[in-house]
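Please read the paragraphs below with the structure open beside you. They take one chain at a time and then turn to a place where chains touch.

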Amino acid sequence: MYAFEFEKPTSLSEAVTALQTEEALPLGGGQTLIPSLKQRLAAPSKLVSLRGVDEIRGICRDDAGRICIGGGTTHAEVAAGVPEYPALAALAANIGDPAVRNRGTIGGSLANNDPSACYPAAALASGATIVTNTREIAADDYFEGMFMTALEEGEIITEVRFPVPEVAHYEKFEQPASRFALVGVFVAKFADGVRVAVTGASEEGVFRWSEAEAALASNFSPDAVQGLSVPAEGMIGDLHGSPEYRAHLVGVMTRRAVAAAR
Amino acid sequence: MTKVSMTVNGEAAEGEAEGRTLLVEFLREELGLTGTHVGCDTSQCGACVVHVDGKAVKACTIFALEAEGAEVRTIEGMANPDGSLTVVQQAFQDHHGLQCGFCTPGMVMSAAALLEENPRPSEAEIRDYLEGNICRCTGYHNIVKAVLAASGQDADRIAAE
Amino acid sequence: MPKDHGIGAASKRREDVRFLTGTGNYTDDINLPRQLYVHFLRSDIAHGEIRHIDTSDAEGMPGVKRVFTGKDFEGVGGLPCGWQVTDKHGQPMQEPAHPVIAQGKVRHVGEILAAVVADSRERARDAAEAIEFDIAELPAVVDMKAALADDAPKVHDDLDGNLCYDWGFVEENRAKVDAAIREAAHVTTLELVNNRLVANPMEPRVAVGDYSRADDQSTLYTTSQNPHVIRLLMGAFVLGIPEHKLRVVAPDVGGGFGSKIFHYAEEAFCTFAARQLGRPVKWTSTRSEAFMSDAHGRDHVTKIELALDAENNFTAIRTETHANMGAYLSTFAPSVPTWLHGTLMAGNYRTPNIYVNVKAVFTNTVPVDAYRGAGRPEATFQLERVIDKAARELGVDPIALRRQNFVTEFPYATPVAVEYDTGDYNATMDKLEEIADIEGFEARRRESEAKGKLRGLGVNAYIEACGIAPSNLVGQLGARAGLYDAATVRVNATGSISVMVGAHSHGQGHETSFPQVISEMLGIGEDQVEIVHGDTSKIPFGMGTYGSRSLAVCGSAMVRATEKVVAKAKKIAAHLLEAAEADIELRDGKFTVAGTDKEVAWGDVTLAAYVPHNYPLEDIEPGLEETAFYDPANFTYPAGAYACEVEVDPETGKVTIERFAAADDFGNVINPMIVDGQVHGGIAQGIGQALLENCAYDETGQLVSASYMDYAMPRADDVPFYAVDHSCQTPCTHNPLGVKGCGEAGAIGSPPTIVNAVIDALHSGGHKVGHIDMPLTPARVWAAMQD
């Protein structure tokens, strides 16, 4: 690792100020950032740990019935803390491994927007709102491609607000080595429609599969998406699967997610 | 260098760390607690698992300065006060749940964390929980048996089914 | 009643206590006063000409003591190769120089370009980034067949092409084999890849070099399976340090699986730099470095043909294999595809005509050498896959086809130069059918089908050769070392025993199992015996632990030394008991005079040896310590039969292992608990090879699977409980313990079993798939189902 300063503020405003230093980076759970620092893939002047900022941790409900999860909330805390949204709890309970889940945070995951991460699929399929220290961003406007988001430099995810669907499920097919999603599909059925978000598959990062959404809106059953497929073009191809394989898995995982939704 | 202090295995521990000093480096190099091992650099193998404030974490993926003021428990702090092995440790020996011993500290720390959360895990729950601890020697058979046994279950019978 | 101590007892491992309490002593736990750290700058291109390296900026960086480049090693020897193979024309293999630090060219990603020694790890790495270098990239050769084309880029400019050797075995068989294949009623042909693997012991390699000017002593602490071999190779061939001035210590070693046999550049560097700088120099490999600097394993591409007569008797086997050597010859690399592979091509079967051809090829990849099984898994895989394919083509039961062709009479001389001393392959197959519940398979298949899954059963047999020997034979085959082992049994005055052994446990539990043997022989408690290993300054000599040799070879040396101890102790006892030596018996820790009630305790005899007041000084010397070197008469031949049941998800191609059973014949067993554990671990590595692990390069020589993010290691939820059995025991006929070795069997027997099972599952779903190359990832299995 390159040398850097370390700061651990205890309030959001201190954290925001600390991040104004040139080349400063926020440190959430560090489960992705620290390994990339070890490879010297980043050279921050300063890391600002958000771990001490209590105001961005924890889970509550707003008046609209949304689940509001602080950006600094760990995967383990989400897994245990959202019983009314079992699909989201199950997703959180299957990210990485227990030790990773005890450190990694929802804000960190969404800010990083790894194309194979699970949370982006949940946020996009739920129509979540990403709240930062300066604004609210709809999930549909937040994800801008692999490792790219609408976040400005120094902007911190303080909260993520999840509307709770009638039924939902996340089906993940794991890449055998990293255990990230080779393809993960989150299906959420709301009173006014169905949202289907796909992670792991596309070179553009997480995306909504609108054809499937339309088909499921009128008939929420695996049969409704049986004949549908996404084009292989634009899918990731690597050691673990060709674009064709990933495109195929999108269909399989979608059907399975619909079948398992509750 | 910054001064950092924490409680390690019930005793106050103090030392110096840079921002980039990992907790595992602090434990091994500053405190001389070499029981916690490093087996990879991508946060996957779990040889470095310790407990921080009662939770299993990978000591290679947390900075020493993040553990300021924390309660840290390492493999060196796992035995009973009289030095005898605890139930989990003893089960690993009884069931030959270790060979080269390198992954063992992390494996024991994860197993102990599991049993804290789930005192009677099924075989599948054990295998799932240990997903982040890689062992190259045992093929996991005897590790899973050891955890079953440590939770008071009939490991031999379950393994034979 | 199971025994509670001695041979055959499941004694709990004494080494566990330190490993379970964090008090083991691994090489990285060693830190010496005034220690410096080295960071190796490694090539990130596969093939290039080094035009220029400028270290001046780096040398001025904070904390930097010195920067070394290839120039500093111009007068230093290269890393030696320990085995010279002679090709089919009688010519020696091509053997390139193997520098400690690259000179003139880099030949694989990960090769050391420069070494920065500084007062901290991070500062050394900071400075390495300040080294300026200019490397003109050359086209890389990665594919073996492409590497042999006339116009292929040459890995080594001074060699004649990229062919290391073209080996024919047995060359005299060739015409007969060709004729038998021409005349066969049926010939089954299979082309397959034995995938490149990375051994991945959980402890990465570490080296700490130290030097004492006062007595001109060098010490190397290293993660080695065989410290004496390192001392010999590094001292004699690389650095020119005589043995008495060089100590090599391998303390607790966190797994090896072959990868810690070899002498590596980093070991030589740390020893060399410590002398140059007069301070200890330490290197700790990261896992990322390990992927590009530990020797890799396997990487064979093979075409095999199996000929059968009209009654389905095997009549001939012909194979053609390309074996990847990587960019340089690692320590024992040339022996793996030849003497450890060709000699096993008969498997468990009576096949009168066998011919094996192996072309070893240089490529711009990390050197390849022995990995758990080393050559034997490659032989078993192709043979057991082609037999399975033949059974399917002929419509016969795969178990029956195997049984029909099993060797049943021993000793059996194969057409590939080895003689199996003993075995009972039908017995292990019988046992397998029982523990795998083969009868119940069809019912389980129906259950799987009801869940929408395809279920398959795979079965195979295997044989391996362990304890490679004898030395005079292996010398003729090209080994540049002997393959004996040594032990010193030092009986202390109070009767406790220290045994200095040349084997070096890195997970095998020698500290527990070796005392079981001595306890059995002397009738004293296992806790009275301590094993000392891993330090050249304490042990007479030793060739180390690999090839499932420790008990068969070093254990035999220990038995011989103990027999000498007993012989001498009997003389002392005879004197003390005033009886004839011939009448003295040793039982339960007491010497008795046959037919009388006169006795003297073990401890009284040992005390007399060191306090020789009442002692036959005119006949024997005081003291009680004996050394034996043991050079085996033959290999040992463990064998067995394995079965696996898989489920395949027809929609995703994902394979899950539902059941796995192994019936092995290891001869006599000292500690069944440890033997079970060895088999479990081997099976998991075989599952890894069959389903998960793939060390992949792209066409430019970049390592694609360079971390655990892309190299899939078997994890707890990838594997089931295994049913293992080793109750079929045909003792080895030529070593005193009747043991054969068990460390590699699991990794040898399991890959073909699993692939056979997957192919069977796919056929049950109507997919007429002939073969899928390992690893059988979901993507590959799915793709095979689309064809």
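Chain A, in this predicted model, is built from 10 helices and 12 strands. Its radius of gyration is 18 Å, which is close to the 18 Å that the globule rule gives for 262 residues, so chain A is as compact as a globular protein of that length. If you follow the C-alpha trace of chain A along its principal axes, you will find that it spans about 55 × 45 × 30 Å. Of the 262 residues in this chain, 59% count as buried, and among the contacts in chain A that link residues at least 6 apart in sequence, 60% join residues at least 24 apart.

The buried residues of α7(A) include Tyr119(A) and Pro120(A), together with Leu124(A) and Ser126(A). Just after α7(A) comes Gly127(A), whose phi is positive, at about 65°. Helix α10, made of residues 243-260 of chain A, has 18 residues, and at 1.5 Å a residue these should span 26 Å; the C-alpha atoms at its ends are 25 Å apart, which agrees. Because 13 of the 18 residues of α10(A) are buried, this helix too is largely enclosed by the rest of the structure.

Taken along the principal axes, the C-alpha atoms of chain B fill a box of roughly 55 × 35 × 25 Å. Buried residues make up 67% of the 161 residues in chain B, while among its contacts between residues at least 6 apart in sequence, 58% join residues at least 24 apart.

Finally, consider where chain C meets chain A. How many residues does the contact take from each chain? It takes 17 residues from chain C and 12 residues from chain A. On the side of chain C that touches chain A, helix α19 (residues 778-786) of chain C gives the most, with 3 residues. By residue type, that side of chain C divides into 10 nonpolar, 4 polar and 3 charged residues.

Key
Residues are numbered from 1 along each chain as its sequence is written. Chains are lettered from A and ligands numbered from 1 in the order in which they are written. This is a predicted model: local features need pLDDT of at least 70, side-chain atom pairs count only at pLDDT 80 or more; totals for chains, interfaces and linings use all residues. A residue is buried if 20 or more other C-beta atoms lie within 10 Å of its own, exposed if 12 or fewer, and partly exposed in between; C-beta atoms are placed from the backbone. Two residues are in contact if their C-beta atoms, placed from the backbone, lie within 7 Å. Helices (H or I, at least four residues) and strands (E, at least two) are DSSP runs, numbered from the N terminus. Ala, Val, Leu, Ile, Met, Phe, Trp, Tyr, Cys and Pro count as nonpolar, Asp, Glu, Lys and Arg as charged, and the others, Gly among them, as polar. The expected span of a helix is 1.5 Å times one less than its number of residues. The radius of gyration is taken over C-alpha atoms; the globule rule is 2.2 Å times the number of residues to the power 0.38.
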